Amino acid sequence: MSYPLKGITVIAVEQAAAAPYASSRLADAGARVIKIERPQGDFARGYDNAVNGDSTYFVWLNRGKESVVLDYTKDEDGALLQKMIAGADVLIQNLGPGAAARAGFGWEEMRKLHPRLITCDISGYGEGGPRSEMRAYDLLVQAESGICSVTGTPEAPGRIGISACDVGTGMYAHAAILEALLQRERTGEGSAIHVSLFDAMCDWMTVPLLHYDYAGTVWPRVGLAHPTIAPYGAFPVGGEVGEARSVLIGVQNDGEWSRFAAKVLERPDLLERPEFATNMLRVENREQLDAEIKMALAKTSPEDVRMKLQAAQVAFAEVNGVKELSSHPHLRRASVSTTHGGADIVAPPAIFRGEPRTLGHVPGIGQHSAAIRAEFSPPKKA
């Protein structure tokens with residue numbers, strides 16, 4: 001098995017999802033991740049109890065970590081945390097604004113004391129600026145960053161149905177930490193990384209933002225469609241009673257449009273209509289185009305539509321729910337052990353061919369407290 005981060009120690013003063021996402025991926029790669037928890041535990045432990053008594057979020061984002069309970073506001077535990085940081089390669093924290101500095105392990109002081117240390121602070125809005133003191137949760141940042149304005153139906157904005165801000169921010173943090181580790185190999189110097197949920201989502205919003213900044217256009221909410229590509233969306237297909245359902249079809253260029261019209265819709269005459277000649281024209285005349293497509297597919301069974309799309313090499317997808325995903329033939333799973341047994345979760349997306357990895361145990365609250373205190377506490381005098 002290949003674990004490229006073996007020998008790297010990460011201290012994670014973390015909670016919820018964004019920071020645990022980043023540190024869990026470091027743990028997957030072999031880093032030793034020591035998770036600092038309050039006596040009550042990471043509050044994500046209490047989000048639900050769906051996985052045999054454990055929280056879905058916690059099982060997903062905390063495999064392979066060691067858990068130690070510390071009250072670092074007290075002198076003894078604060079000194080213990082300082083000793084742990086002194087021997088670490090990476091310090092990740094996503095406490096409230098200014099909390100780490102007030103507790104004595106802010107990034108500026110830690111970087112001065114430990115030049116090789118890589119610090120990664122994850123926050124809602126960053127250290128500076130007018131919103132830096134605001135509390136930030138996933139849905140709030142989705143709304144603040146404009147993500148909700150481009151998600152949903154024409155009638156109402158919507159929330160992305162997963163913790164997109166947390167996951168995206170955790171991904172950015174993970175990538176930045178890996179970059180900092182590479183740089184330290186070359187220079188011997190650590191880094192101070194700052195990643196905010198708001199900045200992460202603003203990066204995701206770049207395309208609609210540039211449309212507004214440079215063309216003055218505001219992306220409409222189009223449900224299961226695309227604001228600047230057509231035809232691209234979910235279309236009802238016919239068949240026997242009870243069989244009808246939607247197929248999501250994506251036509252991204254004129255070649256695909258030609259194959260789609262001629263071979264799937266069996267309407268080559270549509271290729272002669274000037275209002276459908278280019279993608280921009282198809283978007284401009286989307287309502288008329290969608291009506292033609294729906295009419296052509298109305299009496300075709302879902303299976304026939306899928307076969308035609310496959311033969312024409314036109315991209316398509318089923319409009320699945322969680323039930324269908326759970327039994328999807330392409331879903332890859334991996335097993336983790338937990339304090340209440342175990343769970344089959346989604347396997348990490350990156351596959352290292354010929355280098356299989358296993359996922360570590362999901363710890364109970366303070367499961368490793370005694371061992372870690374013994375490891376980092378000074379020996380008692382006789």
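Predicted model: local features only at pLDDT ≥ 70, side-chain atom pairs only at ≥ 80, totals over all residues.
## Ground rules

Local features here need pLDDT of at least 70 and side-chain atom pairs 80 or more, while totals for chains, interfaces and linings use all residues. Numbering runs from 1 along each chain as its sequence is written, and side-chain values use heavy atoms, with hydrogens and water left out.

## The largest pocket

A pocket here is an open set of points on a 1 Å grid over the protein atoms alone, where a 1.4 Å probe fits, with protein on both sides within 12 Å along at least five of seven lines; lining residues have an atom within 4 Å of a point. The largest one has a volume of about 1,100 Å³, counted as the space filled by probe spheres set on the points, which are joined across faces, edges and corners. Of its 48 lining residues, Gln-15, Asn-94, Leu-95, Gly-96 and Ile-122 sit closest to the centre.

## The second largest pocket

Next comes a pocket of about 790 Å³. Its lining has 23 residues, and Thr-56, Trp-60, Leu-325, Ile-345 and Val-346 lie nearest the centre.

## Arg-116

Where is Arg-116, then? Look in the loop between helix 5 (107-113) and strand 5; helices (H or I, at least four residues) and strands (E, at least two) are DSSP runs, numbered from the N terminus. Arg-116 has a relative accessible area of 43%, so it counts as partly exposed (between buried, under 20%, and exposed, over 50%, with a 1.4 Å probe and protein chains only).

Beyond neighbours within four places in sequence, Arg-116 is in contact (heavy atoms within 4.5 Å) with Asp-89, Arg-111, Arg-184, Gly-188 and Gly-190.
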